[in-house]
Structure formats: structure tokens, C-alpha cells
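Welcome! Here is a friendly tour of a protein model, meant for someone meeting it for the first time. Please have a look at it before reading on.

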Amino acid sequence: METSADSMDDDVFETIEDSRLKINAINSQQKGGTPSPTGYRNYKPPAEVLKLAENDIIESVEPIVHKTILLGDSGVGKTSLLVKFDTGKFQSGNFSATVGIGFTTKVVTVDNTKVKLQIWDTAGQERFRSVTHAYYRDAHALLLLYDVTNKTSFDNIRAWLGEIREYAQDDVVIMLLGNKADCGVERAVRREDGERLAREYNVAFMETSAKSGQNVELAFVAVARELKYRENGTRDSNTFNVNEYIREQSEKPQCPPCTT
């Protein structure tokens, strides 16, 4: 019986046994040789494919950079909060006032996915406010701070939120942070006041302390989670709710009891 033109035993395709024998021959004769994964004779993957496998480039693809800006009056602890999150350390004493803009980059892992935050520390003084405006426009997230021991910094939050509404994108992630929550007897703003203001403007809220570490990491991780879900297009509140996440995480033991 003649063999048809499209026989599986022609010059193109190999039988399983032929492939196995050829793989053994390649491995013994050519150091570092790569057997054919397709069954085609003399097949060699392109160099870029081999490099992809060797370097596991799929896992090392750079995540999207999410621009995250710290805002608030001068002295509310923006720089201290950023340093605490970035290094895990609290620098005692007062920082000199931030002049203009500075930033650092931090990668946060959310459900085995890397979320890259480019965190900008801004000056709160009025003379630098116009500089800050230019950075609102392409921001993905804004962390707005006030000092719980400084009533004026809290009263100015409405003005900050007004500027955010005017200059930032409509879908920017906003989180309100009452900082220096460890300063018990010096407190001038109640937690309830911060919660009420956050509800009024429909933004997430928590109190933080760069000194004790209270909720510092949680604040940035919550923002990263919200950004991740928005990036994936899953903005349904039934899928992820940042306020609910903050509430659940805040109920877990995180640090020694604070003085507030």
C-alpha cells in the first residue's frame, strides 16, 4: 500500500519515538541544545524565545507606575509618614520644610501582584501651592493629611478637597488621613470629626501615626489595592470596597496600644 502525500511519517513530522531519540541525540551531542517542543525536525526556538524562558521575563515585567501624592498643610507629617513607609523608621526631631516636590518609589504586593507606587512628597506652604497644582493632573491617588493636634490643618481640608476637585482627575483615589494619632492629650480633632468629613466628601479615612507606625502601611496598601482593582477594570463595589477593607484590617492587631 502506497503512503499518501499527507502521511504523518513524511519528512516534516516525527513519530513520538523518533522525537524521543532525537532529543537524546541533541542533548548528548550539543551542550545546551534545546529539544523540539513541536515535533518538527531540526527545530530551534528563536533566540528571543530562549531568552524569555531563561530570564523568566514574564514574571519580571515592570508593573504600571501609579503616581501617588501626599498633600496637606505644612507640618502635618507628610515627610515623616513617607519615610516611615519607605524605610520603616521614624526620624525624631523636626524635618526642615519640604521645598517644592520630592518623590520615592515603592512596590507593594497585592494578592501576588506587584503594584508600583511613585509617591510624591509635596510642600504645604502657600507659595508652593501653584507648583503642586501641576502635579494633580496625572495623579492616580492622593493622600490628604491633617494633624489631629492642629485644628487649623483640619479646617483647611475643605480647601484642599476643593483644589483636588478642580485640578485632579475625576476618578483619582482620595484618602483622608488624620496624622499624629499617637499624641493623646494634645489631640484637637476628634476621630469622629474626620470620619464625618470623609463621609461628606465620599472619601476613605483613617488615622495614622508615623511615630508609632499606626496604619501607615495599611494606608498605602489600601490605596494600592484600590488602584489594582481599578487597573483591572473591576470597580464594582461588590468586588472591592476600600472603606470596608480599611475597617476589616483596622480590627486586626497591628501594633502595641497607642496613647489615643
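## A helix under cover

Helix α3 has K78, T79, S80, L81, L82, K84 and F85 as its buried residues. Here, buried means under 20% relative accessible area, exposed means over 50%, and partly exposed lies in between (1.4 Å probe, protein chains only). Helices (H or I, at least four residues) and strands (E, at least two) are DSSP runs, numbered from the N terminus. Because 7 of the 10 residues of α3 (residues 78-87) are buried, this helix is largely enclosed by the rest of the structure. Just after α3 comes G88, with a positive phi of about 80°.

## How to read the model

This is a predicted model, in which local features need pLDDT of at least 70 and side-chain atom pairs count only at pLDDT 80 or more, while totals for chains, interfaces and linings use all residues. Residues are numbered from 1 along each chain as its sequence is written, and side-chain values use heavy atoms, with hydrogens and water left out.

## The whole protein

The protein has 9 helices and 6 strands. Of its 260 residues, 40% count as buried.

Contact means heavy atoms within 4.5 Å. Among contacts with a separation of 6 or more, 70% are between residues 24 or more positions apart.

Let us turn to helix α9 (residues 242-250), where V242, Y245, I246 and Q249 are buried. These buried residues fall within an arc of 100° seen down the axis of α9, so they line one face of the helix. The arc is that of the directions from the helix axis to the C-beta atoms. Their cover includes β5 (173-179), β6 (204-207) and α8 (216-231).

How do α8 and α9 pack? Their angle is about 145°, and their axes are 10 Å apart. Axes are lines fitted to C-alpha atoms, for helices over the stretch in contact, and angles run from 0 to 180 degrees between N-to-C directions. On the α8 side, the contact is made by L218, V221, A222, R225 and E226, and on the α9 side by V242, Y245, I246, Q249 and S250. These residues divide into 6 nonpolar, 2 polar and 2 charged. In this grouping, Ala, Val, Leu, Ile, Met, Phe, Trp, Tyr, Cys and Pro count as nonpolar, Asp, Glu, Lys and Arg as charged, and the others, Gly among them, as polar.

## A strand residue and its contacts

T68 sits in strand β1 (residues 65-72). Is T68 buried or exposed? With 0% relative accessibility, T68 counts as buried. Leaving aside neighbours within four places in sequence, T68 is in contact with L117, Q118, I119, W120, A141, L143 and L227.

## Positive phi in two loops

D111 is not a glycine, yet its phi is positive, at about 50°. D111 belongs to the loop between β2 (101-110) and β3 (113-122), and is partly exposed, with a relative accessible area of 40%.

N215, also a residue other than glycine, has a positive phi near 60°. The loop between β6 and α8 holds N215, which is buried at a relative accessible area of 9%.
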